[in-house]
Amino acid sequence: MTVIEVSGLTRRYSGGFEAVRGISFEVERGEMFALLGTNGAGKTSTVEVVEGLSSPAAGSVSVLGHDPFRERSLVRPRIGVMLQEGGFPPDLTVAEATKMWAGTLTSPRPVDEALSLVDLTHRASVRVKQLSGGERRRLDLALALLGKPEVLFLDEPTTGLDPESRRNTWELIRALLHEGVTVLLTTHYLEEAQTLADRLAIMHRGRIVAQGTVSEVVDAYPSRISFVAPRGVALPVVADTDAAGRVTVRTNNLQETLHELLAWAHVNSVELSGLDARSASLEEAFLAIAEEAA
Amino acid sequence: MRAVAVGQAELTLFWRNKTALFNSLALPLLLAPALMAAANAEGKPLIVGLIGFVLVMAVYYNLVTTFVARREELVLKRLRVGELTDPEILLGASLPSVVVALGQIVLFSAIVAVMTEVAVPTRPWFLVLGVAGGVAVFVLLAAASSAFTRTVEMAQVTSLPILVACLLGSGLFFPLSMLPEGVASAMRLLPLNPVLDLARAGWDGGPVLQPMIVLAVWIVLGTYAVRRWFRWDPRR
């Protein structure tokens with residue numbers, strides 16, 4: 001079942017600036033779809049339209065079969081939103097902010113349960129303004145989960161979290177996906193998308209420039225072998241050498257090329273110092289796309 | 001009602017905000033002697049004057065600051081991704097200021113009534129209508145003013161035009177009959193005047209139709225202004 005359907009979405013701001021230029025994607029039930037992109041690529045502008053905060057200038061959006069902007073009252077009880085920045089009165093305590101939010105929902109979880117999901121139970125009586133950045137992110141996640149949503153929107157959910165809290169948050173999100181919750185994620189952390197997302201799209205200047213599963217997106221980019229070779233040797237493969245003498249070889253068949261190179265080095269007694277070989281990662285694909293598009 | 005959840009949180013914040021507490025609780029008390037002198041210690045004008053002050057200070061001024069503060073803290077934006085409708089959000093955020101204002105009006109009126117042995121209103125429904133309409137108008141005007149206010153500090157400046165116009169034009173400090181006829185008539189169209197006229201009509205047989213029309217027009221204008229200009233996000 002398709003839960004989120006975005007087709008030809010364009011968003012224009014009052015100044016005439018087009019932040020999103022005709023993008024399309026679909027998210028299935030229980031799937032996590034990640035939107036990646038450089039700053040200003042249009043991720044948040046896109047997500048805000050899907051959440052129903054504003055209407056698209058062109059194109060259409062459907063969430064759980066309804067228009068999230070015009071049929072807000074049908075969609076909102078079934079979704080949970082974690083905005084990029086909190087939005088809690090700084091003088092309320094964690095428990096008060098959660099209780100307030102629960103009071104606005106049709107069928108909320110108990111406040112204690114929501115806080116324990118994100119490990120904030122021990123901070124319940126602390127004012128929001130005294131929380132660390134990571135704790136505030138977790139409170140935001142607790143509120144997004146408070147209404148037992150079928151669809152969850154996460155805008156940079158782990159920014160400012162320490163590594164342990166980040167792992168815990170990932171575990172929590174995985175458990176939700178397992179229960180059949182659909183997630184639309186935007187993040188700066190490519191590792192996060194690579195670990196969690198079933199499919200992703202990379203945005204650049206309002207357009208989607210790559211879309212698919214992580215391996216579909218990454219496989220389009222070559223693997224890389226790099227090392228420092230003694231000066232003056234003729235290498236058996238095509239390579240770039242930078243000013244510091246570091247050689248980079250790009251290949252679509254890492255195993256073959258690496259074998260060839262190591263055999264050659266063995267036969268010729270050449271030392272390849274600082275040898276490093278790796279498959280393309282999402283990070284490399286992302287950087288290459290950003291560079292190409294710039 | 002879902003808006004009450006927001007109202008309760010706002011009430012908690014109100015008790016923790018010393019400036020707001022002072023503005024709405026202490027200020028009217030300090031102003032009472034001045035009004036007392038202007039009213040020659042007569043009960044009815046004193047009650048009418050206090051209603052005017054409470055509406056302008058505890059409802060209008062407080063709410064301009066509240067709306068701006070919640071907008072800049074991104075609280076309004078967050079509430080807007082939830083289940084509440086836009087009117088519910090505004091209602092919830094206004095609730096404590098309105099409750100405090102109504103409480104003050106009742107309390108002051110009771111004190112004044114005891115002190116001056118003012119007569120019981122013969123047509124109390126006009127008094128109630130005036131106060132209710134006044135609350136509606138000043139909540140709407142506060143929401144509209146907040147759209148033109150970038151920071152909480154700026155609220156002191158941006159609220160001045162309505163604050164000063166309403167109080168000076170209300171006839172609370174000097175009778176409007178002192179002014180040239182044209183100016184006086186224009187003053188009667190200000191948002192506070194019909195409220196006070198209706199309040200007075202609770203005791204006297206004064207005209208009620210014209211103030212009711214003026215008040216209704218202000219409510220319509222206020223609603224339009226809020227729909228047209230109200231900002232849910234900070235300007236970035």
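**Reading the model**

Guide: A:R205 is exposed, with a relative accessible area of 54%; buried means under 20% relative accessible area, exposed over 50%, and partly exposed in between, with a 1.4 Å probe and protein chains only. This is a predicted model, in which local features need pLDDT of at least 70, side-chain atom pairs count only at pLDDT 80 or more, and totals for chains, interfaces and linings use all residues. Residues are numbered from 1 along each chain as its sequence is written, chains are lettered from A and ligands numbered from 1 in the order in which they are written, and side-chain values use heavy atoms, with hydrogens and water left out.

Visitor: Is A:E156 buried or exposed?

Guide: A:E156 is buried, its relative accessible area being 9%. This residue, also not a glycine, has a positive phi of about 50°, and its loop runs between β6 (151-155) and α6 (163-178) of chain A.

Visitor: How many helices and strands does chain A have?

Guide: Chain A has 10 helices and 13 strands. Its C-alpha atoms fill a box of roughly 75 × 45 × 35 Å along the principal axes, and 51% of its 294 residues count as buried. Contact means heavy atoms within 4.5 Å; among contacts in chain A between residues at least 6 apart in sequence, 67% join residues at least 24 apart.

Visitor: How does one describe two helices that pack together?

Guide: Two packed helices are described by the angle between their axes and the distance between the axes. Axes are lines fitted to C-alpha atoms, for helices over the stretch in contact, and angles run from 0 to 180 degrees between N-to-C directions. In chain B, the axes of helix α6 (residues 124-146) and helix α11 (residues 209-229) come within 8 Å and cross at roughly 25°. The two helices are therefore roughly parallel to each other, a term for angles under 35 degrees.

Visitor: Which residues make the contact between α6(B) and α11(B)?

Guide: On α6(B) they include B:F126, B:L129 and B:G130, and on α11(B) they include B:M212, B:L215 and B:W218. The contact residues divide into 14 nonpolar, five polar and no charged. Here Ala, Val, Leu, Ile, Met, Phe, Trp, Tyr, Cys and Pro count as nonpolar, Asp, Glu, Lys and Arg as charged, and the others, Gly among them, as polar.

Visitor: Where is B:S145 placed, and what is B:S145 in contact with?

Guide: B:S145 belongs to helix α6 of chain B and is buried, with a relative accessible area of 10%. Neighbours within four places in sequence aside, B:S145 is in contact with B:Y60, B:V64 and B:I162.

Visitor: How many residues of helix α10 of chain B are buried?

Guide: Eight of the 10 residues of α10(B) (residues 192-201) are buried, among them B:L192, B:N193 and B:P194. Their cover includes α3 (43-72), α6, α8 (160-168), α9 (181-187) and α11 of chain B.

Visitor: Where does UniProt place the feature "transmembrane region" in chain B?

Guide: The unreviewed UniProt entry places this feature at residues 20-40, 46-69, 89-113, 125-148, 160-179 and 208-226 of chain B; such annotations may be inferred rather than shown by experiment. In the model, residues 46-69 of chain B are 100% helix and 0% strand, with end C-alpha atoms 33 Å apart. Residues 160-179 of chain B are 45% helix and 0% strand, with end C-alpha atoms 22 Å apart.

Definitions and conventions. Helix = DSSP H or I, 4+ residues; strand = E, 2+ residues; numbered from the N terminus. Parallel < 35°, antiparallel > 145°, perpendicular 65-115°, else oblique.
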